[in-house]
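Reader: I've got a structure open and a few things I'd like to sort out. Can we go through it bit by bit?

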2 protein chains.
Amino acid sequence: MSRSNPRVLNTLERAGGFASAQEVYHLMQRAGESIGLTTVYRSLQSLADDKIVDVLRRDDGESIYRLCGDAHHHHLVCKGCGDAIEIPGGAIEKWAKTMAEEHGFRDVGHSAEIYGLCRKC
Amino acid sequence: MSRSNPRVLNTLERAGGFASAQEVYHLMQRAGESIGLTTVYRSLQSLADDKIVDVLRRDDGESIYRLCGDAHHHHLVCKGCGDAIEIPGGAIEKWAKTMAEEHGFRDVGHSAEIYGLCRKC
DNA sequence: ATGGAAATGAAAATCATTTTCATTTGTGCT
DNA sequence: AGCACAAATGAAAATGATTTTCATTTCCAT
């Protein structure tokens with residue numbers, strides 16, 4: 001069993017919030033760090049096993065990871081230019097909690113995204 | 001654009017309204033129906049576009065489809081068994097609208113999902 | 001019948017992820 | 001230092017779902 005490469009966790013932190021294995025890999029490449037894709041996958045998996053990161057699936061099927069307990073925010077994404085604005089969760093937080101409790105769910109998190117066309121597009 | 005092959009929808013119904021593309025394909029094969037995998041994928045996609053079926057992701061990355069109840073809803077997904085419960089949007093709808101307006105976005109939609117561990121897991 | 005549009009499906013391409021395996025690195029021991 | 005052995009690494013191949021390509025077939029309206 002392999003342990004997590006600290007640089008991977010580091011990169012995930014710098015990415016702020018969610019990132020896929022591929023994204024972490026490319027971020028590291030661009031940062032000039034030498035690492036193999038395989039190691040990135042193994043490290044993220046290991047972090048997930050240790051409950052240090054959360055794993056979710058994006059709609060396109062890619063797995064995304066984020067630090068547990070990270071103060072999270074949501075995104076307002078433009079369908080045209082892809083630009084994303086960070087926004088506070090507001091009412092969602094309570095909604096998620098209520099819904100989860102109502103159905104007896106534990107260890108709950110949530111994801112939410114708003115998408116549309118920004119002024120420029 | 002292709003329209004949905006009715007036999008696909010039919011099979012999905014017989015499957016208990018919950019199956020992956022591969023499963024639908026194999027069910028049809030076993031039932032002696034002649035159909036191509038490609039057509040199954042296209043039909044399910046088309047049904048999803050028309051909001052006739054819901055698309056979710058299983059933990060192994062396979063997309064699963066099921067007949068969906070009705071209008072707009074969100075999902076409470078179990079990280080353990082992958083089971084998904086439909087829940088009303090509630091506060092989210094207004095939140096999305098407010099946030100979008102605040103930033104001058106038009107043509108707005110949103111997605112939201114709650115995940116956790118269900119009672120059984 | 002005839003032409004064109006839509007539907008079909010076999011095979012190839014794609015893409016994230018996993019596996020294999022040979023090599024490198026690290027650590028403890030003498 | 002020298003040695004042995006376990007863990008970590010990563011390139012390349014394998015996997016498996018999904019998508020694309022493209023040639024063929026089916027449907028309709030004329």
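Reader: Which strand does β1(B) pair with in the antiparallel sense?
Author: Keep in mind that this is a predicted model. The two strands share two bridges and run antiparallel. One residue pair to look at is B:S20, which stands opposite B:I64. The partner of β1(B) is strand β3 (residues 63-67) of chain B.

Reader: In what order do the three strands of that open sheet in chain B come?
Author: β3(B) is joined to β2(B) by five bridges, again antiparallel, and B:L56 stands opposite B:I64 there. On its other pairing, β3(B) has two bridges with β1(B). Put together, the order is β1-β3-β2.

Reader: Which strands of chain B stand at the edges of the sheet?
Author: Go by the number of partners: an edge strand here has a single partner strand, so one side of it is left without a neighbour in the sheet.

Reader: Which residue takes a positive phi in the hairpin of β2(B) and β3(B)?
Author: Look at the turn, where five residues sit between the strands. The phi in question is near 95 degrees, and the residue is B:G61.

Reader: Over in chain A, what is the order of the three strands in its open sheet?
Author: Start with β1(A), which two bridges join to strand β3 (residues 63-67) of chain A in an antiparallel run. Within that pairing, A:A19 has A:Y65 as its bridge partner. At the edges stand β1 (19-20) and β2 of chain A, each with a single partner strand, so one side of each lacks a neighbour in the sheet. The order is β1-β3-β2.

Reader: How many helices and strands does chain A have?
Author: Read along the sequence, the pattern is α-β-α-α-β-β-β-β-α-β. That comes to four helices and six strands.

Reader: How far apart do the C-alpha centres of domain 1 and domain 2 of chain A lie?
Author: Domain 1 of chain A covers 6-67 and domain 2 covers 74-116. For scale, the C-alpha trace of chain A spans about 45 × 40 × 25 Å along its principal axes. The centres of the two domains lie 21 Å apart.

Reader: Which residue forms a salt bridge with A:R7?
Author: Side chains of opposite charge can pair when their charged atoms come close. Here the closest N and O atoms are 3.6 Å apart, inside the 4 Å cut-off for a salt bridge. The pair links distant parts of the chain, 26 residues apart: A:R7 is in helix α1 (residues 6-15), and its partner is in the loop between α2 (21-30) and α3 (37-49) of chain A. That partner is A:E33.

Reader: Now the interface: what area is buried between chain A and chain B?
Author: The size of an interface is often given as the accessible area lost when the parts come together. Here 43 residues of chain A are in contact with 39 residues of chain B. Carbon and sulfur atoms give 61% of the buried area, which is about 3500 Å².

Reader: Which three residues supply more of the area that chain A buries against chain B than any other three?
Author: Between them, these three supply 20% of what chain A buries against chain B. They are A:W95, A:F105 and A:I114.

Reader: How many salt bridges are there between chain A and chain B?
Author: A search of the whole structure finds ten salt bridges over all chains. Between chain A and chain B there are eleven residue pairs in polar contact. The salt bridge count between these two chains, though, is zero.

Reader: Which element gives the most to the side of chain A that touches chain B?
Author: Several elements supply at least two residues each, among them β5 (84-87), α4 (91-102) and β6 (106-117) of chain A. The residues on that side divide into 22 nonpolar, ten polar and eleven charged. With twelve residues, the top contributor is β6(A).

Reader: And which strand of chain B pairs with β6(A)?
Author: The pairing is antiparallel and extends over nine bridges. Within it, A:Y115 stands opposite B:G109. The partner is strand β6 (residues 106-117) of chain B.

Note on methods:
Residues numbered from 1 in each chain as written. Chains lettered and ligands numbered in written order. Predicted model: local features only at pLDDT ≥ 70, side-chain atom pairs only at ≥ 80, totals over all residues. Heavy atoms only, no water. Contact = heavy atoms within 4.5 Å. Buried area = accessible area lost by both parts, 1.4 Å probe. Salt bridge = Lys/Arg side-chain N within 4 Å of Asp/Glu carboxyl O. Polar contact = N/O pair within 3.5 Å; in protein donor to acceptor, adjacent residues only side chain to side chain. Nonpolar A, V, L, I, M, F, W, Y, C, P; charged D, E, K, R; others polar. Pairing = 2+ DSSP bridges. Domains from an automatic or database assignment.
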